[in-house]
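This briefing is for a reader new to the structure. It starts with one chain as a whole and then turns to contacts and local features.

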Amino acid sequence: MTASRTTALRRPTAIAALAYLVLVVVAAVAAPVLAPHDPEATDLDHVLSGPTGTHPLGTDSLGRDVLTRLMYGGQVSLAGVAVAVLTMLVLGVVTGLLAGFLSGWVDRIASWIIDLALSIPVIITLLVVLSVVGSNETAAMITVGVLSAPSLARVVRGATMAVKQETFVAAARVAGLPSTRIITGQVLPRVTGPIIVQTAIGAGGALIAQAGIEFLGLGVQPPTPTWGGMITDAAQVVDQQAWLLVPTGLVVGLTVLAFGLLGDAVRDATADRVTSAAPPARRRRAAPPSTQEEPAPGALLALRGVTVALPTSHGTHTVVDGVDLDIRPGETVGLVGESGCGKSITGRAILGLLPRGGELTAGTVHLAGENLTAGGRQAYRAARGSRVALISQEHIGGLDPVAPVGRQVAELVRRHRGCSRGAARIRTLELLESVRLPEPAQLARRYPHELSGGMAQRVAIAMALAGDPELLIADEPTTALDVTVQAEILGLLHRLQAERGMAILLISHDLGVIAEVCHRAYVMYAGRIVESGPGAELFRTPRHPYTAGLVGCSPQRMPPRTPLAAIPGMVPEPWARPAGCHFHPRCPLATAACESGEIPMAEPAAGRHTRCLHHTELTEEDDHARAGVLARD
Amino acid sequence: MLRLILRRLLISVPLLLLVSLLTFVLQALTPGDTARTILGNTFTQEGYLQLRHQLGLDEPVLTQYWHWLSGALRGDLGVSPISGLDVGQQITSRLGVTLSLIVCATVLAALAGVALGVVSAIRGGAFGRLVDALSLVGFAVPVFWFSLVLVTVFAVTLGLLPATGYVDPATSLSGWAGSIALPVVALALAPTAVIAKQTRDGMLDALSRDFVHSLRANGAAERSIVLRHALRNAAIPVVTVIGLVFVGLLTGTVFVEAVFAMPGLGGLAVQSTVQHDLPVIQGIAVTFTVIVVLVNLLVDITYGLLNPKVRAR
């Protein structure tokens, strides 16, 4: 907390705000010493003078010095703000801490009062109080403090509840420490960040409220100088000397602004950085087509040397590195590897939808002979949905939560077919039926949160099929589902493919799934394709030690970033990929030769490729194993 | 949905009772009373007591409150002891002015704020900084000062619009529009910033969700993704903010009516505060609270219409 407060003060705006507030306080407190004139001394020969040598900020309609009156007015304003903030702190912090810490009925009553208080317009209470007590500024500012307390209490309550969940506080409660000591010793220091933020906002609001009360003539009465009263004075002569609005408005505005900026700085320093708040970068144009070999004729999809750079926590790094990949019409191709190998990014590169800030730095994507990379955003956009489609891992999260699912499918049907609403509706029901959803007409009216994961994934498949794509990218389509539902979805994909002659790129970390349904598969490690070959054969006789390692543990529903049992270590982060073969630190076969230079792709058998210098040793192991089996027979 | 509305009504009734009771209790706690205010400095004790009795001030506070409450439920808010005018009539004749101002300001702020928020979420850069700057300005600039600046520029210097006064729309529609233009702009500044910020944050959040990626990957039109899907998701919290903004405008209108000399409820409230005219203040407090209750109800209903998860309940 102390550290974050220091970082808050490292920002130039925060320093400027603090410096300004110090200046205002000094000017107000030392006004009797520093002020150039008497605040109530009139000079009728120099009324409404505008800035001059003797009156740097001009004079008002009675010839009184504006600078002097602003300095004296600051005394009233700052005292008022102090009263309001103190009231707010005492009431808000105590209520919030008690409600958050004790919960139960204390919390319910406090929350009810907070809700109630927040729904009364501030001005009503203020005017009622003022009409009863008369022009009493202290009473008004106490009221302002009371009215600001609920928002503070709400923030403190939330922060307290969060802190209470943490282990050390829970431990202290179990250990029997008295509540008061836990609150003052452990909870309070942890919630000071939000309190400071809310106090700064409250101080700004109190100052505005105070100026407002004075402006309406309900606060400290003339001739005592007040900031709000000076704006009233300025308002009366606005057609004669508009300048008077400037110093009075600026001093109020800047002081409120300074409170606000200070609060912002503390909030930014204490809150976790939210990445989504970062301004979006405009998507840059893809790299020019590379001059690498042309794709094989007849291939539906051909990636050549696809290289993607992404912004990471350690700067921009290449995450997908020179990927070559082919898919023939109607073929099911697997892309397998641990989390963080670049599989999904490869899928997004095919769609031309890289994450924010990502860029295709080299390589080409050809779809049915058309170079999408050269065609740029237009070509990708034209291909999406009608030629390449996607189903993703998120089932319910993959659907718009506030639209009925039928409408979401129908929107895509209309988009791709350009047909009437009625025709789109009929086609939508056909699609929902084709993904084996019962009672499509009723289902179409339901919302995503009313569906099970498996049903939602079927709707997502129907959406992907709306444009009759030639290639379906299925990115971990079953990972988040139950095992029985997984099998149903895979079976559905298999059947749809047979019916439609559609190709599928199945991205998965689950070897079992890939081996079961894929004609061919690619194994990806740390951004590179390390091995490829026919599906079942690839995993029966791996030609790369990484594939062999994956086979050795065949993860079912592995949480990301956990070490594989059969392979020591983890996938290196993009900024920490070792030279040479990226796999060598984890590889049992690694030699000095693996640690330097590019490892070329070898072709140990027709249709088999491996990026390993020692792939023959794996073959020998296989031979030994087979020999062993034979000997036992 | 129904539960939500019922819950809101369950909060509203005690709220209304609380606000009205509060004024009575405060009144009882203060030295001096309406009778003394009416009589001024010169009065006889006998006359004072008689007036007190006439006004019902010699009864216990709760009895007085009950009289007022049973009257209020029949639409009778009492008579101002200062002006002798019927409180209910005074309020109804001024309600149109205040509602014109705050409804127009809410609509303006909602339109401008949502547009600004959407554009800044998509474009970022300069638009993003504009929203940030606007929200700082909206927070820091007092509404009455901004009103005065508008008067100076558009009424005094350029002479484009009237500086003060209100024209009834029944008299002249264009006159009405001209008379409320500056006050409405003054009122809308801060709310625009608040709504723009909420819209931008909501849009950025919605656009980063998985369903947006799926829609894009499957060829949905970008315009539909932004305006239909993302905006509808982002609109749910924006509606709540618009409700809060409306309640805040009840405060703003008191100041704006003072600057522009508008014959609305805000001006009446200030005048009655100065004169200690408690029945009028009480009537205004109850009117404002009823407005708040109705707006909150409207917000809840809209919220339910936008959010199917709430509607189902």
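Of the 313 residues in chain B, 44% count as buried, a residue being buried if 20 or more other C-beta atoms, placed from the backbone, lie within 10 Å of its own. The model is predicted: local features need pLDDT of at least 70, side-chain atom pairs count only at pLDDT 80 or more, and totals for chains, interfaces and linings use all residues. Residues are numbered from 1 along each chain as its sequence is written, while chains are lettered from A and ligands numbered from 1 in the order in which they are written.

**Chain B as a whole**

- Chain B has 13 helices and zero strands; helices (H or I, at least four residues) and strands (E, at least two) are DSSP runs, numbered from the N terminus.
- The C-alpha trace of chain B spans about 85 × 55 × 35 Å along its principal axes.
- Among the contacts in chain B with a separation of 6 or more, 73% are made by residues 24 or more positions apart; two residues are in contact if their C-beta atoms, placed from the backbone, lie within 7 Å.

**Where chain B meets chain A**

- On chain B, 66 residues are in contact with 65 residues of chain A.
- Helix 10 (residues 222-259) of chain B gives the most to this side of chain B, with eleven residues.
- The side of chain B that touches chain A divides into 37 nonpolar, 22 polar and seven charged residues. Ala, Val, Leu, Ile, Met, Phe, Trp, Tyr, Cys and Pro count as nonpolar, Asp, Glu, Lys and Arg as charged, and the others, Gly among them, as polar.

**A helix pair in chain A**

- Helix 10 (residues 192-215) of chain A packs against helix 12 (residues 245-270) of chain A at an angle of about 165°, with their axes 8 Å apart. Axes are lines fitted to C-alpha atoms over the stretch in contact, and angles run from 0 to 180 degrees between N-to-C directions.
- Residues meeting in this contact include G193(A), I196(A) and V197(A) from helix 10 of chain A, and V252(A), F259(A) and R267(A) from helix 12 of chain A.
- The residues of this contact divide into 13 nonpolar, six polar and one charged.

**A hairpin in chain A**

- Strand 11 (residues 602-605) and strand 12 (residues 608-610) of chain A pair in the antiparallel sense over two bridges; strands pair if DSSP finds at least two bridges between them.
- A602(A) has T610(A) in strand 12 of chain A as its bridge partner.
- Strand 11 and strand 12 of chain A form a hairpin with two residues between them, and G607(A) in the turn has a positive phi of about 80°.

Methods
Buried ≥ 20, exposed ≤ 12 C-beta atoms within 10 Å, placed from the backbone.
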